[in-house]
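Look at the structure first, then read on.

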Amino acid sequence: MIRAPHIYYEKNNLMVEGVMVEKIINEVGTPAYIYSKSSFIDQLKQLKDAFKDYSAIICYSIKACHNTNIIKIFVNEGCGLDIVSGGELYRALKASVDPRKIVYSGVGKTSREITESINAGILMFNVESEQELERINRIGSSLNNKAPVSIRVNPGVDAKTHPYITTGMKENKFGIDSGKVIDIFRLASKMSNIEVCGIDVHLGSQLLNPKPYGEAMKIIAGYVKQLKDENIDIRYVDVGGGLGISYKEEQQAVSVQEYASLITESFIDIPGITFILEPGRFLTAQAGILVARVQYVKDNLYGKRFVIVDTGMHHLIRPPLYGGYHSIIPVRKKSDVRIKADVVGPICESTDFLGKKCLLEEVYQDDLLAVTDTGAYGIVLASHYNSHSLPVEVLVDGAGFKIIRQKETYEDLLYGELT
Ligand code: LLP
C-alpha cells in the first residue's frame, strides 16, 4: 500500500516523483533510503492549512529524520525545529534555522547542552523536572541571561498507542505530574534567570485518534487560566508531536482538521496564545522508502519461505522494536502471483525481520523490494551492528535526485577507533 501521491507505479515501475527507483538504484546501489521532497511539503501544507487561522509555529521534530538536507526543506518552508540534544542543536543551526524557533524537549539536558542552547538564543526549553529548572536558572545566571522556559506537563492521558511510544501517562518518565504543575510554575516565576513563557505536553507517538489531544488541551487550558490569574503569563502552548499516519490499508488517516479543532477549541476564550506543534512522523514517514536487493529466497521444510535481503533491523528497527508494520512492494511489478514470506535481513538475530507473513508478489534472487513509509524513525535509529555500513540516502525533487548522505565505507566503520 502506498499513500504518498508522489510514490506510485508507472508502467509497472516504482517511481518517486518523476524518477524511476530502479534508475536511482543503478547509480547508488542498495540498501538505499529514498525520500520525496514533494511529500514532505504536502504533509506540511496540510498542517499549515489546518492552523492557518491561528497563531502557530510548526517545529519539525528532527529526531524523526535528521539529515540536514531534509531539515533545511522544512526550515525553508518557515518551520521551527523541535530538538532533544546538543547534537540536534548543532544540526538545527547547520540547517540555518532561526534559533528563536527552536524548542528543546527531553528529560536529560546536560549543563553543556543548556549552555549551548542559551547561547544560541532558542525560543524555549521544555522543562521536565525541578532539578532541570534549577540547573537552567543557575546557568542562566552565570551567562547573565534570562532563559525562556515552558513546563512540560504529564497530563496522565492515555494516547492509545503502542506502550513503548506513549509518554503522557502516569508511569512515563516525561513531564511534571499534574499535582505539581502549578507549584513548579510558581517556583519558576520567582527565579531570577528564568522567564516563564509556555506550557508543554507530548502525549506519545503514532496517535491515530486525535481525541486524547482534546482531553489534554482541556487540562492545559485550565492551567493557563489559573496561571494567568496568578499573573504568570503563558504565551506558548506546545502541544508536542504524535500525529500518526496509516501504515496499514485498514488504518484511517487522521483528520488534521479535527486534530486542529480539538487542540484550539479549549483556548477560544484565552487571548494571546501561540500554538507550537512538534510533528515528526506526520511530516516525513510517508515520504521515504527503503530499497533493498533480494539476496536469497529460502524455503524450509515446514512450508515457510524467507526472503533474505541486504537490509534489516540494523537499518529499520521499527518492526521488531514496536511491532511496526511497513508494507513491502516490488520496485518492478512482474507478476500477479502472491506468495507469503518473512522478509528478513542478514543480522545474526531472530528479531531481524522487516515483515512477517508478508503477502508479496513472487520475488526472485536479485529483485529489488521497497519497504514503504520509512521516512520517519528509519535511518535515525540505524546502527552498525554486525559491522554493516549505513545505507545511502537520496532526495528526489521532481525529475532530479541527489545523494544526501553517502553510503559508508568499511573505513567509516572504524571511525574514531584508536589503534
Ligand atoms: N515531541 C517530543 C517531545 C517527542 O518526544 C516526540 C517523539 C515528538 C515531538 C515527535 O513525535 P512524532 O510526531 O514523530 O510522533 N521511534 C518511535 C517513535 C518515538 C517518538 C519519540 N518522541 C517509532 O518509530 O514509532
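## Terms and model

Helices and strands are DSSP runs, numbered from the N terminus; a helix has at least four residues and a strand at least two. The model shown is predicted.

## Where the ligand sits

## Polar contacts and cover

Now look at single atoms. In the side chain of S205, an N or O atom is 2.4 Å from an oxygen atom of the ligand. For Y377, a side-chain N or O atom is 2.6 Å from a ligand oxygen atom. D82 faces a nitrogen atom of the ligand instead, with a polar side-chain atom 3.3 Å away from that nitrogen.

How much of the ligand's accessible area does the protein cover? On its own, the ligand has 580 Å² of accessible area, and the protein covers 91% of that.

## Two backbone details

Most peptide bonds are trans, and most residues other than glycine have a negative phi. Two places here go the other way.

The peptide bond from T30 to P31 is cis, with omega near -10°. P31 belongs to the loop between α1 (21-28) and β4 (32-36).

K357 is not a glycine, yet its phi is positive, near 50°. This residue, K357, is part of strand β18 (residues 353-361).

Definitions and conventions. Residues numbered from 1 in each chain as written. Predicted model: local features only at pLDDT ≥ 70, side-chain atom pairs only at ≥ 80, totals over all residues. Heavy atoms only, no water. Polar contact = N/O pair within 3.5 Å; in protein donor to acceptor, adjacent residues only side chain to side chain. Areas by Shrake-Rupley, 256 points an atom, 1.4 Å probe, with all protein chains shown as cover.
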